[in-house]
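Student: I would like to understand how labels get attached to parts of a protein model. Could we go through some of them together?
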Amino acid sequence: MSAAAKAKTPAEGQAQSQATTSGTNVAPTNPNPKPRWHFGHPHLAGGRGLNWFCVSLFGVITLVAVLAQHLAQYDPVQPAGKAKLPIGSADHLLGTDHIGRDLLSRIIIGLQTSWLVALAIVALSLVAGTVVGVIAGTVGGWVDKVLMRFTEVFQSLPTLLVAMAVAMALGHGIKNTMIAILVVWWPYYARIIRGEVRAIASRPHVEAARQAGASWPRVMLFHIIPGMVPTAIITASLDVGSTVLTLATLSFMGLGREVPFPELGADSANTLDQLSTAWWIPVLPGMAVMVLTLVANLTGDAVRRLLAGRR
Amino acid sequence: MVWVRRIGLRLASLLAVLLALTILLFFLQEVAHFDPVAATLGANASPEAIAAERARLGLDAPVLQRYFIYLGGLLHGDLGTSVRTRHPVAQDIGQFFPASAELVLFAYVLALVLAVAFAASSVLRWPGGAVGRGVMFLLAAAPSFLLGIVGVIVFYSRLGWFPGAGRLGDASQLTDPTGFMTIDALLAGRLDLFGDALHHLLLPALALAVGPALAIGRVLRSALEATTGAEFIKTAQVKGLGEGAILRRHVIRNSLPAPLAMAGLYLGYMFAGVVVVERVFTWPGLGLYMFNSLLKADFQAVAGSILVLGVIYVTSNAIVDVLQTVADPRISFD
């Protein structure tokens, strides 16, 4: 990992390798004095400013999602203007759909559902995974083995398909879809947390606390869980992107909010027949999902870079 | 011989997961209060007919017994009857599966090619590589349905380069023997149909392949970077070994395990993601079948499809695990 600390940009990295290989007058014995591959991690380029910028983007989107009802200019369910107005029209920045509903308002409200439900899923999975992971990691023994086999079985199942099956069994509605995704989402966290807990539990300061007479619950609360927080945050922030995508895909298949209510995936699916005449109607909700995923992924990477030193 | 034991353990775990899948689907059926009798007999059946059917299907038995009846049916290939098509689900799946298999396999090959290009452009510093990788990063954040939709708009509506739906211009020309239009066209000696089938395959396959390509490409890239930075490569260089030999004998073999695992995982994900792509491109495969069944709440059809796809997913992961451990005995399954 030391190579990563030295090269901040690809240009610097190349300059470094050139300086070390061609700086002296020794005749090279290797027929390839400068190999085509280079060491270092230029894709970690950026700097602290970029990281905080990404995190603030995350904050902006979350703010928009929370305040969606106040930010949407029109009622997303009622027709507000002429049908199929294109992007950039006078009163409708993103145009209107085939019924005349304002697309910007629909996307803002839909964004609220997609973003907040995804965050809720990640948070709840983290909590559930932490409970299971901490118990498995600290208690160890057969409890650990049984819990890990259990999570392994869950993790081996195809997440999207199982979520579809559960959502279908429970019935329509966003709450059932959320439960469906939660069912398949938590094992990922449980395994990671359990691994981290085991790593922490083997460290000297935990052993010292135990020898000083601390009980297991106290050790768990004051030593293990605080130590596991950076990894938990990194894992969660990296996971928001795929949660948003999975939620949007399930919504595309009709497993989300009820019909007239705007939701990003469903809006795209229900307006596919407008593709040839008013392409922006199915495309814009999809692009909104893409923006959410991008922000989530960038933030996840930024959080990882920010917290990397603290682990 | 130690790997015989490992393979045995992996197989045991595979069976456990398959069993868990059947238990899960059975449990969901119970939760959904699904009534198979209404599905087969319709809404206007007489009470006697309903009672007879319930007795025949063993529906009044206790839960555990019903599960074993269900399991027994599965092992005989009985996946229930579809409310929507009125055919046995197994028959429907058999009809629609080859189309999905063809799409997924083609997309998978495409994903592997793109992943290698992604990793190579980074490690070998191809000119313009950063732009290509940035584009892929953006595209991979897009949901697959958006990629499909934009693909149809740009390449079909606007440019007219590729067809926007279906598998073949005139689908009645090819039906046997494999159900794979490309292979069937070749077997029938019809190169024009082969080209047409490929033409139809490309856009949906691309939409399906981009996400996995980026994920596999990233893992491949970091594995390559880790390997080329390792001490033993420097030793090989100092030894006087040429670049090509280093690549062949050391870099590639040591970089493979992680991306291979990723690739195995994503084959399974693709079978799940195919549902959305098939909907956008009206590709007549299992995904479209599942989509339409979901719309009509056709539980047996959806559950049966999920079971088949789930079995493929779990089994392919198990095979990849076994191959990995055979290739590199240092890898254990944990």
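Student: Why is the pair A:Asp267 and A:Arg106 called a salt bridge?
Tutor: In this predicted model, the closest N and O atoms of A:Asp267 and A:Arg106 are 2.9 Å apart. The cut-off is within 4 Å, so the pair counts as a salt bridge.

Student: What parts does this pair of A:Asp267 and A:Arg106 tie together?
Tutor: A:Asp267 sits in helix α11 (residues 264–270) of chain A and A:Arg106 in helix α5 (residues 103–139) of chain A, so the pair ties together parts that are 161 residues apart in sequence.

Student: What makes A:Arg194 and A:Asp144 a salt bridge?
Tutor: Their side chains meet at 2.9 Å, N to O, and because the limit is within 4 Å, this pair counts too. A:Arg194 has a relative accessible area of 16% and is buried; A:Asp144 is buried, with 5%.

Student: And how is B:Glu30 classed, with its relative accessible area of 28%?
Tutor: Buried is under 20% and exposed is over 50%. The value of 28% for B:Glu30 lies in between, so this residue is called partly exposed. The side chain of B:Glu30 meets that of B:Arg66 in a salt bridge (2.8 Å, N to O).

Student: Which residues do salt bridges with shared partners join into one network?
Tutor: A:Asp144, A:Arg194 and A:Arg198 are joined that way. Over all chains, the count comes to eight salt bridges.

Note on methods: Residues numbered from 1 in each chain as written. Chains lettered and ligands numbered in written order. Predicted model: local features only at pLDDT ≥ 70, side-chain atom pairs only at ≥ 80, totals over all residues. Heavy atoms only, no water. Helix = DSSP H or I, 4+ residues; strand = E, 2+ residues; numbered from the N terminus. Buried < 20%, exposed > 50% of the residue type's maximum accessible area, 1.4 Å probe, protein only.
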